[in-house]
Amino acid sequence: MSKIFVDACFGKETPYTPVWMMRQAGRYLPEYMKVRNEMGSFLNLCHAPEKAAEVTLQPLDIVGVDAAILFSDILVIPDEMGMDLSFVKGEGPKFSDPVKTHEDLDRLIGGEEAAGKLTYVYDTIKLLRRQLDERGDGKALIGFTGAPWTLATYMIEGQGTKTYNICKKMMYTQPGLLHAILRKVTDVVKLYMEKQIQSGVDVVQIFDSWAAAIEPDNYDEVSWKYMVEIAEYLKEKYPHIPVIMFPKGIAGFIERGLVYGDFDVFGVDWGTPMALAKEKLGDRYVLQGNMEPCRLYSKQMTTESVEALQKVMGGKRHIFNLGHGILPDVPVENAIHFVDECHRVSQK
Ligand code: CP3
């Protein structure tokens with residue numbers, strides 16, 4: 001059975017425009033909270049394939065999205081490179097020993113050895129592959145990674161940051177060290193994504209959540225070229241697997257015509273007008289997005305946005321999504337409303 005989401009990624013005609021939501025498996029769902037609490041912590045849940053598979057599928061049944069995204073986190077990669085990830089309640093992710101020097105970087109595991117340690121992710125994907133095939137409803141499974149730059153921000157800062165001052169100090173005073181980190185992470189990510197594909201994902205997405213921290217003229221050098229390297233490595237070996245790029249907050253990079261590379265779908269963040277993305281990128285890439293996630297607080301505002309997006313895209317070369325992740329305090333019925341509206345307005 002051909003999968004409508006995969007068809008849409010390749011720009012083929014579909015009976016309606018498929019929809020999913022970034023961060024769709026998460027805290028706004030009481031069913032997710034129940035499983036997470038049973039497991040004791042978020043990281044325990046990521047390490048338990050049966051439970052991770054269960055929460056991956058929840059949004060398909062509860063919200064009605066057309067694709068499931070693997071339940072895991074981008075930060076399991078540096079964790080398995082040897083960085084000791086923890087989540088501190090109310091504060092988010094933490095690495096106890098951030099990378100400050102070349103010696104710190106040399107101590108981290110790289111390449112095949114690091115990618116080979118993420119077995120719980122591959123086991124979750126294999127379980128999901130079987131479960132989705134058994135369901136037979138043609139819903140797709142999305143695998144993912146963080147972009148090397150976004151991963152590096154956590155590895156260098158040791159946690160999330162508002163100013164990026166530690167990694168930007170490195171960018172401007174020790175660019176060789178920053179690029180050595182990006183090189184090592186890129187090499188792990190290529191193999192990690194390849195193993196996700198071999199384990200059974202239908203599509204992959206690369207999240208560059210903190211792209212906006214980089215000047216548009218430097219964005220290619222610091223982040224985009226590494227993302228393209230990963231995408232092109234995968235496209236060459238697995239042309240039937242669509243690759244989605246999601247660099248958040250780079251309208252300036254798009255506007256100046258700097259986007260290039262062999263991949264299939266460009267994820268448009270909510271700060272970039274869809275009409276601008278369509279004009280600059282719509283011929284070359286299928287566009288995904290881009291409702292402002294906070295519109296989900298109002299059903300009426302959601303409907304207005306979905307209708308406006310449908311008007312711009314005309315149901316062609318488009319995948320509905322939010323322009324970033326869904327927030328934990330969104331009512332579930334509003335998320336269902338979003339998905340229903342996307343299907344309603346685009347039904348052929
Ligand atoms: O549903 C999905 O999208 C799949 C699962 C997923 C998670 N994280 C689960 C998660 C995905 C794709 C991610 C990616 C991720 N993780 C990104 C890129 C996407 C984005 O939103 O920009 C980033 C930057 C991270 C790093 C990360 N992980 C942060 C900053 C946090 C804390 C955020 C918070 O709100 O507390 C996490 C934890 C995390 N990852 C949670 C979930 C469901 C919350 C954990 C919990 O308390 O249950």
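## Buried residues and their surroundings

M245 counts as buried, since its relative accessibility is 0% and the cut-off for that class is under 20%. The model is predicted. M245 belongs to strand β6, which spans residues 243-247. Not counting residues up to four places away in sequence, M245 touches I206, W224, M227, V228, A231, F263, V265, F266 and G267. With G267, M245 is 22 residues apart along the chain, yet their C-alpha atoms are separated by 5.8 Å.

D264 is likewise a buried residue, because its relative accessible area of 13% falls under 20%. D264 is placed in the loop between α13 (251-255) and β7. The side chain of D264 makes a polar contact of 2.7 Å with the side chain of K235. Leaving aside residues up to four places away in sequence, the contacts of D264 are C9, F10, K235, I241, P242, V243, Y285 and V286.

## The sheet

Seven strands form an open sheet with parallel pairing, in the order β1-β4-β5-β6-β7-β8-β9. Strands β1 (67-69) and β9 (318-319) stand at the edges; each has a single partner strand, so one side of each lacks a neighbour in the sheet. Within the sheet, strand β7 (residues 265-267) runs parallel to strand β8 (residues 286-288), and three bridges join them. V265 has V286 as its bridge partner in β8.

## The nonpolar core

The largest nonpolar core has 130 residues, of which F5, I181, W224, F266 and F338 touch the most other members. Helix α11 (residues 175-199) contributes the most to this core, with eleven residues. For F338, the residues touched are V19, M21, M291, L296, T302, V306, N321 and L322, not counting residues up to four places away in sequence.

## The ligand site

There are 22 residues around the ligand, and R27, Y32, R36, S209 and H324 come nearest.

| Residue | Atom of the residue | Distance to a ligand oxygen atom |
|---|---|---|
| R27 | polar side-chain atom | 2.3 Å |
| Y32 | side-chain N or O atom | 2.5 Å |
| R23 | backbone N or O atom | 2.8 Å |

On its own, the ligand has 870 Å² of accessible area, and the protein covers 87% of that area.

## Backbone geometry

Most residues other than glycine have a negative phi, and most peptide bonds are trans.

The peptide bond from G289 to N290 is cis, with omega near -5°. N290 lies in the loop between β8 and α15 (299-313).

D84 is not a glycine, but has a positive phi of about 60°. The residue D84 sits in the loop between α5 (76-83) and β2 (85-88), and at 46% relative accessibility D84 counts as partly exposed.

R317, also not a glycine, has a positive phi of about 50°. R317 is located in the loop between α15 and β9. With a relative accessibility of 32%, R317 counts as partly exposed.

Note on methods:
Residues numbered from 1 in each chain as written. Predicted model: local features only at pLDDT ≥ 70, side-chain atom pairs only at ≥ 80, totals over all residues. Heavy atoms only, no water. Core = buried A, V, L, I, M, F, W, Y, C linked by side-chain atoms within 4.5 Å. Buried < 20%, exposed > 50% of the residue type's maximum accessible area, 1.4 Å probe, protein only. Helix = DSSP H or I, 4+ residues; strand = E, 2+ residues; numbered from the N terminus. Contact = heavy atoms within 4.5 Å. Near = heavy atom within 4 Å. Polar contact = N/O pair within 3.5 Å; in protein donor to acceptor, adjacent residues only side chain to side chain. Areas by Shrake-Rupley, 256 points an atom, 1.4 Å probe, with all protein chains shown as cover. Pairing = 2+ DSSP bridges.
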